[in-house]
Amino acid sequence: MDQTRVSKSLDEIDLKILNEIQADGRITNVELAKRVGISPPPCLRRVRTLEEEGYILGYRGLLNPASLGFEVTVFASVHLSSQADADLRAFEDFVRKEPLVRECWMLSGEIDFILKCVAPDMGTFQNFVSHLTAAPHVRNVRTSLVLHNSKDAPDVPLELKVPQG
């Protein structure tokens, strides 16, 4: 299914459902229905429809990397020597297999990809960078060590979405 195409307009109830699920993915259907002001059966139908139509991609717990021993967070800017489709796909395949890479974004402009990486220590990350710079078509890698995170908001700002009515 093409998840980039909106197949229905979201009403106020849908937006409330999405907001509540985004705030607490473990919310029960009964509690969700109560918070959005509808009964549980139609609430469950709406949630299933939102899932089927790709508005809800999945559910997961957010873990604290530092508490689990991943003390180092680094952003790596990667410039490839070739932007041919096959080479871009090959690089994406490479990073998908790398457990330290948590996010990979293809960019326009001077940098081809930016990677968000976590590691238990700098030595582990330095070994990964050596591996990364040796990957096919990697021209150069620039890294920036995260000193402090001032904002971490993985949710979508639904308060900016106004239902079409």
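Which strands does α4 lie across, and at about what angle does α4 run to β3?

Modeller: This is a predicted model, so some limits come first: local features need pLDDT of at least 70, side-chain atom pairs count only at pLDDT 80 or more, and totals for chains, interfaces and linings use all residues. Residues are numbered from 1 along each chain as its sequence is written, and side-chain values use heavy atoms, with hydrogens and water left out.

Now your helix. α4 lies across β1, β2, β3 and β4. It runs at about 10° to β3. Axes here are lines fitted to C-alpha atoms, for helices over the stretch in contact, and angles run from 0 to 180 degrees between N-to-C directions. Contact means heavy atoms within 4.5 Å. Helices (H or I, at least four residues) and strands (E, at least two) are DSSP runs, numbered from the N terminus.

α5 packs on the sheet as well, touching β1, β2, β3 and β4. The direction of α5 makes about 160° with that of β4.

Next, the sheet itself. Four strands form an open sheet, ordered β2-β3-β1-β4, with antiparallel pairing. Two strands pair if DSSP finds at least two bridges between them. β2 (101–106) and β4 are the edge strands, each pairing on one side only. From one strand to the next, the twist averages 20°. β1 and β3 run antiparallel and are joined by seven bridges. One partner to look up: F75 is bridged to K116 in β3.

Then the core. The largest nonpolar core has 22 residues. Such a core is a set of buried Ala, Val, Leu, Ile, Met, Phe, Trp, Tyr and Cys residues joined through side-chain atoms within 4.5 Å. Buried means under 20% relative accessible area (1.4 Å probe, protein chains only). V78, F91, L115 and L132 have the most contacts inside this core. At least two of its residues come from each of β1 (72–80), α4 (85–96), β3 (113–119), α5 (122–133) and β4 (138–145). β1 gives the most, with five residues. In soluble globular proteins, nonpolar side chains tend to be buried together.

Zoom in on V78. Leaving aside neighbours within four places in sequence, V78 is in contact with F91, I111, D112, F113, L115, L132, V138, N140 and V141. There is also a second, separate core of 15 residues, which includes L15, C43, I56 and L158.

How values were computed
Buried means under 20% relative accessible area, exposed over 50%, partly exposed in between (1.4 Å probe, protein chains only).
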